[in-house]
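Dear colleague,

Please find below the structure I promised to hand over, together with its sequence. My notes on it follow.

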Amino acid sequence: NLRATIAKKSIRAPFAGRLGVRQVNLGQVIDSGTAIVTLQSLDPIYADFTLPQQQIADVRPGLPIRLATDAAPGREFTGAVSVVNPLVDAATRNVKVRATLANPDETLLPGMFANVTITLPATNPVLAIPATAVLYAPYSDSVFVLDTKPGEDGAEATVVLRQQFVKLGEKRGDFVAVAQGLKEGELVASTGVKLSERVRASV
């Protein structure tokens with residue numbers, strides 16, 4: 001009976017991890033359910049994030065991910081998708097995804113904000129142009145294409161602008177994909193009809 005009583009006064013962590021700031025005082029009598037101290041498992045660590053339901057068909061456990069955070073500038077952490085929640089949030093239509101990452105130096109801590117990139121197994125070739133080259137309008141988006149017009153009677157060729165309506169795709173960073181309206185190699189005016197950049201083929 002004495003051993004059982006002493007055992008009840010010993011608090012053991014259910015898993016190994018790092019303790020945080022103590023939330024009770026020494027010698028304090030505590031009741032069942034009282035928070036004593038935080039316990040965090042840091043290696044491995046989980047990254048929970050959400051994706052729109054349109055992208056869930058491409059995501060499955062095992063896909064590699066890359067994670068970047070302001071707490072470690074210039075450094076990239078790698079891991080893999082471990083769980084894809086089968087439930088779609090009725091309010092946001094997003095699905096929660098969990099990735100597992102190795103964290104031996106404990107740089108990543110729970111609660112940090114991070115940017116996560118999932119590497120999909122398939123790639124789609126697209127035409128990418130600077131986002132500043134697009135003239136956005138309610139009826140249709142357009143760009144200005146630079147065409148070279150040959151000169152007459154030995155005169156020098158001239159460059160003319162032609163407004164071309166386009167159908168846009170996904171946007172990544174400073175570039176946006178063009179689904180229809182442009183061909184690879186065409187010149188578009190990127191800013192102020194002064195600078196131009198060739199349409200780039202990217203994956």
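Which residues does Ile118 touch, leaving aside residues up to four places away in sequence? In this predicted model, the contacts of Ile118 are Phe49, Leu51, Val59, Leu63, Pro64, Ile65 and Val81.

Ile118 also belongs to the largest nonpolar core, which has 19 residues. Within that core, the members that touch the most others are Leu51, Ile65, Leu67, Val81, Val84, Leu101 and Ile118. Two or more core residues come from each of strand 3 (45–52), strand 4 (64–68), strand 5 (77–88) and strand 6 (94–101). Another core, of 10 residues, lies apart from this one, and Val143, Val176, Leu182 and Val188 are among its members. As a general point, nonpolar side chains in soluble globular proteins tend to be buried together.

The second largest pocket may be of interest for your own calculations. The space in this pocket comes to about 400 Å³. Its lining consists of 20 residues, and those nearest the centre are Tyr46, Ala47, Asp48, Met112 and Ala114. Strand 3, strand 6 and strand 7 (115–118) each supply two or more residues to the lining, and strand 3 gives the most, with five.

Is Asn103 buried or exposed? Asn103 counts as buried, because its relative accessibility is 0%. A polar atom of the Asn103 side chain lies 2.8 Å from the backbone oxygen of Leu108. Leu108 is also one of the residues that Asn103 touches, the others being Leu42, Asp43 and Ile45, again not counting residues up to four places away in sequence.

Asp43 is joined to Pro44 by a cis peptide bond, with omega at about 0°. Pro44 is located in the loop between strand 2 (37–40) and strand 3.

Finally, two residues other than glycine have a positive phi. Arg93, in the loop between strand 5 and strand 6, has phi near 60°. Its relative accessibility is 47%, so Arg93 counts as partly exposed. Glu106 lies in the loop between strand 6 and strand 7, and its phi is likewise near 60°. With a relative accessible area of 29%, Glu106 is partly exposed.

With kind regards

Notes: Residues numbered from 1 in each chain as written. Predicted model: local features only at pLDDT ≥ 70, side-chain atom pairs only at ≥ 80, totals over all residues. Heavy atoms only, no water. Core = buried A, V, L, I, M, F, W, Y, C linked by side-chain atoms within 4.5 Å. Buried < 20%, exposed > 50% of the residue type's maximum accessible area, 1.4 Å probe, protein only. Helix = DSSP H or I, 4+ residues; strand = E, 2+ residues; numbered from the N terminus. Contact = heavy atoms within 4.5 Å. 1 Å grid on protein atoms, 1.4 Å probe; cavity = no way out; pocket = protein on both sides within 12 Å on 5 of 7 lines; lining within 4 Å. Points joined across faces, edges and corners; volume = space filled by probe spheres on them. Polar contact = N/O pair within 3.5 Å; in protein donor to acceptor, adjacent residues only side chain to side chain.
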